Structure formats: structure tokens, C-alpha cells
Amino acid sequence: MTPALASALMPLLRGLDPERAHELALRGLGLGLAGRDGGADDSALAVETLGLRFRNPVGLAAGFDKNAVAVLPLMRLGFGFVEAGTATPRPQDGNPKPRLFRLAEDRAVINRMGMNNRGLAEFAARLAALPRPLPAVLGANVGINKEGAAPETDYPDLYAGVAEQADYVTINVSSPNTPGLRDLQGEARLAVLLERTMARRAELPRRPPVLVKIAPDLAEEAVPALVETCVEAGVAGLIVSNTTIARPDSLRSAHRGETGGLSGPPLFGPSTALLARVHRLARGRLVLIGVGGVGSAEQAYAKIRAGASLVQLYAALAYDGPALIPRLKAGLAGLLRRDGFSSVSQAVGVDAP
């Protein structure tokens, strides 16, 4: 099956309960039913950053494959990188159902999944079982349990648990669906848990770069301190941003009032504005990954011009299917060449000097 044919079948999945549809999509991916992108990426799309080479800057955000059950099939769709997780120290069921909602009129999603996953041990074992070399860069997203968490010791243990397998590790302190998690973005708490994570990292034989994923709802005055805290700790980059608890007036879906994190096009504006601000504050000291509302080549390009070296998507894949990936990459290469850029790196931050 080709990605185009798999995408043509997406309306059938959208007729199902969203969480059930997602489970079936992962199962189909595992069986190879989504096909693969067999085309070669345009040379303009190659990115070297974080000490890694990405064949293109388009990645899949964490949350799609929480338990790393379909990493290889997802990479074969044409992504330059896939971020699996979020994995927590112990398995947890997450929040009560229903907890995933399509806002079809807005092409958006609200979730309050609560980081349901099978735990670090199974997650790490699945990463270890992947055949190497992989066709794309592998990221691992880690976070704390809802109950019994000790962030200052959990995050170092989580990092150590995936360091042998992942190409980079993302510290998730920004999901809105785990009580108290976003409080860890505060300067003092973040400094301690990053210091301890980086100290643990220094003891390991393999030390993939550390990234921190932040919320789009940060208080304006909190952003400079967060950026400086990450720089001082030796963090390699930031992922900007997670889902939002804001509800824009433009939302039309009957589900717009559901509790949880909103993703998709309504997140594009605020997450891109935050991205540009972080780019200006970081002054080249952090690698930025732009995520939030990316569903077209134009939106991916806007993230890059706002300061992102790499971009991620999620909701758009759920709506458009795997045919989106080759289409987005071709469009992005065309936009770069239209504006006289021969590489992604030349366009990074040109709209946010």
C-alpha cells in the first residue's frame, strides 16, 4: 500500500471513536499497511544540528507513538525524525475515557490522555529491539508519573534508561494533563532537575543531547528565565511548544469546551510567536524545534523562518494521513529555492532577527 492509498482510507478511521481509530492506525502501521515514501529527499532539506544529520527537517511529535510500537513504519513514511513517548518511570493508565476529541471543523484535537503508557522498561526494550541503522533520527520523550513522582530523581533515571538507544532525549515538563507538571518549568525547580539530569548524563558512556519541551501558555515574564536556565544547564535545545489550555474564540466544534490540551491549526499562531521570541532570547545558544499547527509546507517554512531548525507535526497526520509527508517536503524545498536558500539552515530565524 502507498501513503496516498493509506490517506484515502483516513475517512473510514474518522468514523470511529478517536482513541480507537488511533489504536487501529498504530496497529496498521505495525503491519506495514501505510506503505512508505520511496522518493529521495531534496538535498536542500538536509539538516545537521544537535550533532546529528537529519535527511529532512520534518518530524513526528511525541504522543503519537507513546510506547514505541511503530517507530520503524513511521520513519518509512518519510519523516526526518520520529519522537516516541512520553514514557514514564512506571506504567500508568492515564485519565478516564473519553479523553481524545476531534474538532473536525477546526482540524484540531483536544486530548487529556494523561500520558498513558506502558512504562520505561518496555519503552526502552522496544527501542533496543529496533534494527540499526535506522532510516531517520530517533527521539525519546520522557516524563513523570501522575502519582508518586520525584522529578529530581525520575528525570535522571529516565534519561539514563533511554540514553543507549535514543539519538536525543526530550524532557517533558509541559503536558497540561499531569497535575503539577507545568510547575516544573519554573526557574528554581527546572534548574535542579536539569542539573541532576546533566550530572547523570556526564556519567554515561553514551550521552545523547537533552532537549526540553515547553508550554505555549507560559507567562510572558517567565520565558527569559526559562531560556537562561536551559542554557546554563547545558541543554541542547527547546521544543516549542506543547499543547495549549487556551481556547480561541475562533473554535467552532461542539467539543471546544472539553478539558485538555488543544493542538492543530488554532495553536499555530501562539506557538510560532513564542518560537520567534525564544529564538531572539536564545541568540543561537539553543537548537529550536517548532511544533504546533504545522499542516502544510507554508506553515513548516514559517516555523523555520521564526527560528526553528526542525519542525514537528501530529494533528495534521491524523487528518491528512501519510500522503501529507512527501507533499509537505516537496513544498518546503520549493519554498526554500523560491527565496534563494539552498539549505534549511540559511532560512532559520530570518523573520525573527
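Contact is taken to mean heavy atoms within 4.5 Å. Among contacts in the chain between residues at least 6 apart in sequence, 74% join residues at least 24 apart. The structure is a predicted model, in which local features need pLDDT of at least 70 and side-chain atom pairs count only at pLDDT 80 or more, while totals for chains, interfaces and linings use all residues. Residues are numbered from 1 along each chain as its sequence is written, and side-chain values use heavy atoms, with hydrogens and water left out.

The chain contains 12 helices and 13 strands; helices (H or I, at least four residues) and strands (E, at least two) are DSSP runs, numbered from the N terminus. The chain is as compact as a globular protein of its length, because its radius of gyration, 19 Å, is close to the 20 Å that the globule rule gives for 353 residues. This radius is taken over C-alpha atoms, and the globule rule is 2.2 Å times the number of residues to the power 0.38. The C-alpha trace spans about 50 × 50 × 45 Å along its principal axes.

The accessible surface of the chain comes to about 13900 Å², and 53% of it belongs to carbon and sulfur atoms. Accessible areas come from the Shrake-Rupley method with a 1.4 Å probe, and for residues only the protein chains shown count as cover. Of the 353 residues in the chain, 58% are buried. Here buried means under 20% relative accessible area, exposed over 50%, and partly exposed in between (1.4 Å probe, protein chains only). There are 39 positive and 34 negative side chains, and the centres of the two sets lie 4 Å apart. Lys and Arg count as positive and Asp and Glu as negative, whereas His and the chain ends are not counted. The place of a charge is taken as NZ of Lys, CZ of Arg, CG of Asp or CD of Glu.

The interior was described in terms of nonpolar cores, a core being a set of buried Ala, Val, Leu, Ile, Met, Phe, Trp, Tyr and Cys residues joined through side-chain atoms within 4.5 Å. The largest nonpolar core has 100 residues, and those with the most contacts inside it are Y155 and L238. Helix 12 (residues 324-338) supplies the largest share of this core, seven residues. A second, separate core has six residues, including F101, L103, A108 and I110. When neighbours within four places in sequence are left aside, the residues in contact with Y155 include V142, G143, I144, I171, N172 and V173. L181, L184, L193 and T197 are also among the contacts of Y155.

Two cis peptide bonds are described here. The bond from K97 to P98 is cis, with omega near -5°, and P98 lies in the loop between strand 4 (81-87) and strand 5 (100-103). The bond joining R132 and P133 is also cis, with omega about 0°; P133 is found in the loop between helix 5 (120-129) and strand 7 (137-142).

A68 is not a glycine, yet its phi is positive, about 55°. A68 is placed in the loop between strand 3 (58-60) and helix 4 (71-75) and, at a relative accessible area of 6%, is buried. R107, also a residue other than glycine, has a positive phi near 50°. R107 belongs to the loop between strand 5 and strand 6 (108-111) and counts as partly exposed because its relative accessibility is 33%.

Three further positions were examined for their surroundings. T272 is located in helix 9 (residues 268-282) and counts as buried, so classed from its 13% relative accessibility. Not counting residues up to four places away in sequence, T272 touches A302, K303 and A306. T272 and G257 are 15 residues apart in sequence, and their C-alpha atoms are 23 Å apart in space.

A166 sits in the loop between helix 6 (151-162) and strand 8 (168-172) and, with a relative accessibility of 0%, counts as buried. Beyond residues up to four places away in sequence, A166 touches L138, A140, R206 and P208. A166 and G38 are 128 residues apart in sequence and 24 Å apart in space, C-alpha to C-alpha.

E23 is part of helix 3 (residues 18-30) and is partly exposed, its relative accessible area being 33%. E23 and D65 are 42 residues apart along the chain, while their C-alpha atoms are separated by 9.7 Å.
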